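Subject: Structure for your review

Dear colleague,

Please find the structure below, handed over for you to look at with your own viewer. My notes on what was found in it follow directly after.

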Amino acid sequence: MATFLPQFQSIKSSFAHIVLSVEDVSDLWPTIKKGFEERLPFKRASLNNKTRNPVLVDELPAEFILTTDARLRSRFPQEQSLFWFREPYATIVLVTCEDLDEFKNILKPRVKLIVQNDEREWFIVYVSKAPAHNDQATKMAKKVHAKLEVDFSSKKRERCCKLDIHGPDPSFWDDLEAKIMECIRNTLDRRIQFYEEEIRKLSEQRFMPVWNFFNFFILKESLAFMFEVAHLHEDALREYDELELCYLETVNMAGKQRDFGGVEKGDDQATLLDSGKKALAQIVQDDSFREFEFRQYLFACQAKLLFKLKRPFEVASRGYSFIISFSGALALHESMLPFCMREVWVITACLALIGATTSNYKDGLATPDVEKEFYRVQGELHTLCHTKFMRLGHLVGYGSDIERSPVNSASLSMLPWPKPAVWPPLPPDASSEVLAKEKMILQESPRLKHFGIQRKPLPLEPSVLLREANRRRASLSAGNMSDLFDGRPSSGDGPLLDSSGTPSAVQKMSSVSMSRTLSSPGNFDGSIDRPMKLAEIFVASEHALRNTISDAELWKCLSSVEEFEKKYLDLCKGAADSYHRSWWKRHGVVLDGEIAAVHHKHENYDLAANLYEKVCALYAGEGWENLLAEVLPNLAECQKILNDQAGYLSSCVKLLSLDQGLFLPKERQAFQSEVVRLAHSEMEHPVPLDVSSLITFSSNQGPPLELCDGDPGTLTVALWSGFPDDITLESLSVMLTATNSTDEGAKAIKSSEAIVLRPGRNNITVSLPPQKPGSYVLGALTGQIGQLRFRSHSFSKGGPADTDDFMSFEKPTRPVLKVARPRSLVDLAAAVSSALLMNETQWVGIIVKPINYSLNGAVLHIDTGPGLSIAEKHEIEIEKHEFGANNTDHSDSPPDKHSPVSADVKQLSLEDGKINLPDWTSNITSVLWIPLKAISHRLAEGTPAGTVPQRQSIVDGLRTIALRLDFGVSHNQTFEKITSQDSSCAFYGSFPCDYTRCRQMQ
C-alpha cells in the first residue's frame, strides 16, 4: 500500500466535500443545475457518528457531479476500497417522460439498469415539463410520476420526488434535501462499518511479524478523513488519537532499529501546524515512517481538527505536552542530530503554537475557567521558549547580558548543555571573531549593586561550559589542568573565567598539574589538540548554530546583543501578560521582575521602579525574604535616582527589617545611614513612615501597672530595634487604648526627652498623666527621627526579661495599665472625745488612717479658724496608732509637760500651717498630737466650758478646725475635713460627715 501514499496525499489536499453524483437520463441537468447548487451547503444536516448517534452539522459542503465526469471514472477494486471516502454518497437520477408508453418501453428499463447496484444510495427526481395551462399534459405527468413511485418506491422508503420545471412546489426542495441526507447517512454508516472491520483485522496483527503499519495507517486515516469531510470532527480527532497511540506502541518494537530523522535542512523548524510541509512518501522507512516527521504530522492533523472545532485552548494544552514529550525524544537522539537541534526545534515549536492559538482565540470563546487555563498554558509556552532562547544566547557569548535572577538561575542551572557526539570545531578562518569575543570577555565587568552589596552571582549553567565543551572534543591532550579551563599556560595568565567571564571556582584546581596524553599503542606521534579557549567555544558554537538554524528571523535574534535583548524582552513580556490573565498571577509578577531588570540595565528607571514595586510586594507578602533581598536593592536604587524620597526611605526600612543573615553588617549599616541622612534632611514632601517591621514593642513581664483614680504613673515599655547601630529618636509616643470603652479613642503618652535605641531590646519609661478608670492595652507606637515621623503597629511577645527576641507580630491582649474606680483612700478621725478647757493648751489627737494607699510624702494642712490656736511653744508629735487602746483624757496629765505620747514619738514642726508626714507613716495608721488652745476673753484660764452663765449668741460658742491632707505621687490626691462645734463640747469622737470630701488637686 505504500505506493498509494502520493495519491492519498494528493486526494487529501484537493478533496474537501461530499460528492453527489447526478445520472442525467434525459439531459435535464443544464436546466435545473442552478436550482440544485443554490441549496449548497446544506444547513443543519443530521448525520450519524461512529457510534450511530445523531449529530447536527451546521454546514455540510457538497458538490453535484455528473456520472460522466472524468473524476468519477471507474477505479481498480483495491483502489476503491482504500479511497472509498471520495466515492459519491448519493446518486440522483434525473428523468422526464410525456406518456406512459415511453415510460414503459424506454425509461423504466433504463432506470432499472442504473439502480440495480445495491451498494449505491439513489433516488429519482421526475422533472415535469408540462405547462401549467395544459391540463392534459399535467394529468399525464402525474400518471407517469405515479407509475415511477409504484415501480421504484416501497413501503419502507420513498425514492421518487417530482420537480415542476415551470413552477416548482416549495416543498420539493425540502423533500429533495431530506432524501439526500438519508442517502448520505446510509452510505456513511456502511462505509464506517467497512473501515472498522478492516482496521480491526489489522489491529489484531500489530504485534506479529507480518504487521505493516502502512496498511493500518492508510485505512485509519481514510476513515478519519471521511469523518473530516462529513464535518464529524470529533470522530476524526478520535481516529488520529488512536493512530498516534498505535504508532507509539509499535515504532520502537524490539528488534527494529529505525532512523529517527531530523537531519535534513529545515528540520529545525517545527511543523506542528503544517501537515503538508513534507510529503509522507519522503519519510517512509521500511514498513513505517520516521518518528521525527510523522509524530509532527499527526499532531498537525489533530490541531487542524481542533481549530475547526473552535478549541484553540486545547491546541495550546496538547501542544505544550507534545513539545515536552518530543523534546525528550530529541534528547535521546541528540548525538545524531545537528548541534542544538533540540533547543532550536523547541523555540520554533513554541513560537508557532503561540502565534496560531492566539490568532484563533477570541475572548469569551470559552468559560472563564478554561480561559484562565488557556492563558496559563500560553505563559508556559513563552517561558519554555524563553529558557531555550537564553541557552542559545549563552552558547554564543551573551551570558553576561542575561540577568542572574533567581528565576533565570533556577531555569538554566537545571538545563543541561547540548550533548553532541563531538563539540563543533573552530573554523580555520575565525581568528578575528575569536579576538572580538576575547575582547568582549575582558571588557565584561560585574554590575555592582546599590549600597555596595556584595553577593555571589547566581549560576546560569549546570556546569562549566569550558570543561563540558573540551570534554566532548574528538581528541584532547592537555599539559595541565589550567590549560583545560582557560586554554592558556598557568604561568601568570590571570584568573580563570567561567562562561560569563567572571572568576570561576575552578581556579583552585589550576595549581594541580596533571600531564595527560592521548596516544595509541605503538604510536607516540599521535595528534595533539590544544584545549579550546572560552572565546573559541563561543565562535565554534555560533558557526554550528548558523548551520543548524534555517529560520532567518530566529538567527537575526542571535546576531547581536541588541537583537538578543529585544527578543528576550518580548518573550518575558508575553509570558508575564499571559500569566497575569491566568491562575498563575504570581508567575506574571516574577517575570515582571525580569522585565524590570532589562529596563534597569538600560536606565529606564521609571519603568523599572513600577515593576520592581509589584515584585517586592509579592515577595514581601509571601514571606520570600531571600528573593526580596535580591530585588529590593534594585528598587531602592531606582527610587533614589528618581528622587522618590518616601519610597526610598520605605525600601531602606524594608531592607533593614529583613533577616540579618541576608546582608553583611556593613551593608545594614549603609541602609541605616541612608535612613538617618534623609530623616535629618529637608524633605520636600515628608510622609509618615511605617516601621512596623523594624521596631516592635510590648509591655514588660509581670502584672500590669495599677493606679488609683487621679494618680499619675510611670509606664515601662520594651522596644525591640532592628537597626544595626544606635539610633536617636527625637520623640516617642505610646498609644493606650481602653478595653472597657468603645467610645473612647486611643490616648498618646509622650516621652519627655530624646531616646537612644540600641540594637535589640530597650526598656523605655514614659510618664503617665492621670487616666480615667478602666483597663488599658498598648496601641500604636509613634515618634520622630529628625524630620521624619514614623509609626509602628507591630507587637512583640513579652518574653523573659533577659531575652532579645525580635518581632513576633502578635497583638497583646494582656493589659498594661489598670486604673481603679474612685474610692476612699484615707480617713482622718479624732483621738479624744472630752471637752476642751477654755484658754488652756491641751493635746488633741488626729488619727491618720491610709486605706490601701501609700501616704508617702503626704502634707497635712491645719487651719484652726476663729477661737482656736496651735501653741507654738510645743512641738507637734506623731506616733503609731495602737488599735484597741482606750481613749483616755490626756488633757490633765501633768507628766512630761502634758504630753500623752509614748517614748518612740517623733516631733514634727508646723510651717505655714503645713505638716510633712514622715515616710514611715505612709502605710500604717498613725496618731498626730497637736497642742490646741480654745480662746475666750470673757472666761478665766482653766474655766470649764460648762460654767458659762449666759451666751450672747450661738456663734460665740462655736469653734472650727479645717484639716486638708495632700498626698499621692504628685500631691494630686486631697482629703479634707471641716468641723464646727460648740465650745462646751469641742471635738467628739468623729467629725460630721457632711463636711468631709476628697478631691483631686488640679
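The crossing of α6 and α7 is left-handed, a crossing being called left-handed if the near helix is turned anticlockwise from the far one by less than a right angle, and right-handed if clockwise. The axes of α6 (residues 170–203) and α7 (residues 213–229) come within 10 Å and cross at roughly 155 degrees, where axes are lines fitted to C-alpha atoms, for helices over the stretch in contact, and angles run from 0 to 180 degrees between N-to-C directions. The two helices α6 and α7 are therefore roughly antiparallel to each other (angles under 35 degrees count as roughly parallel, over 145 as roughly antiparallel, 65 to 115 as roughly perpendicular and the rest as oblique). On the α6 side the contact (heavy atoms within 4.5 Å) includes Leu-188, Ile-192 and Tyr-195, and on the α7 side it includes Phe-216, Leu-219 and Leu-223. The residues of this contact between α6 and α7 divide into 10 nonpolar, 3 polar and 3 charged, with Ala, Val, Leu, Ile, Met, Phe, Trp, Tyr, Cys and Pro counted as nonpolar, Asp, Glu, Lys and Arg as charged, and the others, Gly among them, as polar.

Please keep in mind that this is a predicted model, in which local features need pLDDT of at least 70 and side-chain atom pairs count only at pLDDT 80 or more, while totals for chains, interfaces and linings use all residues. Residues are numbered from 1 along each chain as its sequence is written, and side-chain values use heavy atoms, with hydrogens and water left out. Helices (H or I, at least four residues) and strands (E, at least two) are DSSP runs, numbered from the N terminus.

Helix α7 also meets α1 (residues 5–14), the axes of α1 and α7 coming within 12 Å and crossing at roughly 10 degrees. Helices α1 and α7 are therefore roughly parallel to each other, and their crossing is left-handed. Leu-5, Phe-8 and Lys-12 in α1 meet a set of α7 residues that includes Phe-214, Phe-217 and Ile-218.

Turning to the strands, there is an open sheet of 3 strands in the order β11-β13-β18, with antiparallel pairing (two strands pair if DSSP finds at least two bridges between them). Its edge strands are β11 (695–699) and β18 (760–768), each of which pairs on one side only. Strand β13 (residues 713–721) is joined to β18 by 9 bridges, and Val-717 has Ile-764 in β18 as its bridge partner.

Leu-40 and Pro-41 are joined by a cis peptide bond with omega about -10 degrees, and Pro-41 has its place in the loop between α2 (29–37) and β2 (42–48). Arg-44, found in strand β2, has a positive phi of about 55 degrees although it is not a glycine; Arg-44 is exposed, with a relative accessible area of 54% (buried means under 20% relative accessible area, exposed over 50%, partly exposed in between, with a 1.4 Å probe and protein chains only). Lys-310, in the loop between α9 (291–308) and α10 (312–332), has a phi near 60 degrees, a positive value in a residue other than glycine.
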